[in-house]
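Here is a short note for someone opening this structure for the first time. Please read the points with the model in view.

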Amino acid sequence: SLHNLGKASYRVGDHLRAMKHAVASDGTDPDLRNLVIEVKTSKKTMRTRAFHVPEHGSDNLIINEVMFVPVPPAGEGLVVSVIKTHKHQSDALLGEARVTKPTGQMELELIRSNKMQGVIVLNVTSGLPPMKQGLPPPTSTLPLGSEGTLP
């Protein structure tokens, strides 16, 4: 979930879009449209589908997305960013947070230019289901018969 979101970094034309929104509102916050959550490691970058924040709705916005990202190298961690996308200009960063020690459910501050721009609550796990007791670990091997079949 996301809450207490600020505005994305300024792009040329933002003032014109704000004036257009003042005339014809579609129920979404013009500063928080076309947002994506990006998770990045040195191995892979993944993004959610774009979403919009309703006007006066940045108090607690629930985003139900699951992403499977490769485990980053030791000590590197991963970067979680909230980005405002645009068709014709470069994307604008709302804020980002670094995860170095995943601990399940985490509440992280989104930072841009050393200022807090919001909070993201996410759940970081290994992605593997819990092991049932009595089963061999996944790395163990079973003995095979002489013809490649189980004895």
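**Notes on the model**

1. This is a predicted model. Its largest pocket has a volume of about 1,000 Å³. The lining counts 34 residues, and those closest to the pocket centre are Met67, Leu122, Asn123, Val124 and Thr125.

2. S7 gives the largest share, with five residues.

3. Look next at the residue types in that lining.

4. Now the largest nonpolar core. It holds 23 residues. Those touching the most other members are Leu2, Leu5, Leu35, Val80, Leu94 and Ile120. At least two core residues come from each of S2, S4, S5 (92-99), S6 (104-112) and S7. S5 supplies the largest share of the core, four residues.

5. Compare the two lists of strands.

6. Last, check Ala74. It sits in the loop between strand S3 (45-47) and S4. Is Ala74 buried or exposed? Ala74 counts as exposed because its relative accessibility is 84%, and the cut-off for exposed is over 50%. Ala74 and Thr100 lie 26 residues apart in sequence. In space, their C-alpha atoms are 9.0 Å apart.

Terms used:
Residues are numbered from 1 along each chain as its sequence is written. This is a predicted model: local features need pLDDT of at least 70, side-chain atom pairs count only at pLDDT 80 or more; totals for chains, interfaces and linings use all residues. Side-chain values use heavy atoms; hydrogens and water are left out. On a 1 Å grid over the protein atoms alone, a cavity is a set of points where a 1.4 Å probe fits but cannot get out, and a pocket is an open set with protein on both sides within 12 Å along at least five of seven lines; lining residues have an atom within 4 Å of a point. Grid points are joined across faces, edges and corners, and a volume is the space filled by probe spheres set on the points. A nonpolar core is a set of buried Ala, Val, Leu, Ile, Met, Phe, Trp, Tyr and Cys residues joined through side-chain atoms within 4.5 Å. Buried means under 20% relative accessible area, exposed over 50%, partly exposed in between (1.4 Å probe, protein chains only).
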